Amino acid sequence: MEFYNHCTKELSNEAKRIIDATKWHPSYKEGLLSRVEDMLEAGNMMRTKTGGKTIPFNISDVGAIVTIVSDRDE
């Protein structure tokens, strides 16, 4: 299995934009951004015949990742 650093500047900036739009406490936003960037770095796991590989997430996936990682309502 291969892992790569998939958290691009564009994905990170999109996560920041989405998180900044919330009304959450600044320290929570900072911790959340760190956790979301960790998820983005890991990439999206894809199964292959020989095991698996990771590919970068799409910009459109970032909002869902923030929602899942935050586990909070607005």
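In the predicted model, the buried residues (under 20% relative accessible area, 1.4 Å probe, protein chains only) of helix 3, which comprises residues 62–70, are V62, I65, V66, V69 and S70. These residues lie on the same side of helix 3 because they cover an arc of only 120 degrees around the axis, the arc being that of the directions from the helix axis to the C-beta atoms. Helices are DSSP runs of H or I with at least four residues, strands are runs of E with at least two, and both are numbered from the N terminus. The buried residues of helix 3 pack against helix 1 (9–20) and helix 2 (26–42). D71 follows helix 3 and has a positive phi, near 50 degrees.

The chain contains three helices and two strands, arranged from the N terminus on in the order α-α-β-β-α. Strand 1 (residues 44–48) and strand 2 (residues 51–55) run antiparallel and are joined by five bridges; pairing of two strands requires at least two bridges found by DSSP. R47 has G52 in strand 2 as its bridge partner.

I55 is located in strand 2. With 31% relative accessibility, I55 counts as partly exposed, the class between the buried and exposed limits. Apart from neighbours within four places in sequence, I55 is in contact with H6, G43, N44 and M46, where contact denotes heavy atoms within 4.5 Å. The C-alpha atoms of I55 and A21, which are 34 residues apart along the chain, are separated by 27 Å.

For the chain as a whole, the C-alpha trace spans about 45 × 25 × 20 Å along its principal axes. Of the 74 residues, 32% count as buried. Among contacts with a separation of 6 or more, 64% involve residues 24 or more positions apart. The chain exposes about 5200 Å², of which carbon and sulfur atoms supply 52%; accessible areas come from the Shrake-Rupley method with a 1.4 Å probe.

Residues are numbered from 1 along each chain as its sequence is written. Local features of the predicted model need pLDDT of at least 70 and side-chain atom pairs count only at pLDDT 80 or more, whereas totals for chains, interfaces and linings use all residues; side-chain values use heavy atoms, leaving out hydrogens and water.

Technical notes:
Buried < 20%, exposed > 50% of the residue type's maximum accessible area, 1.4 Å probe, protein only.
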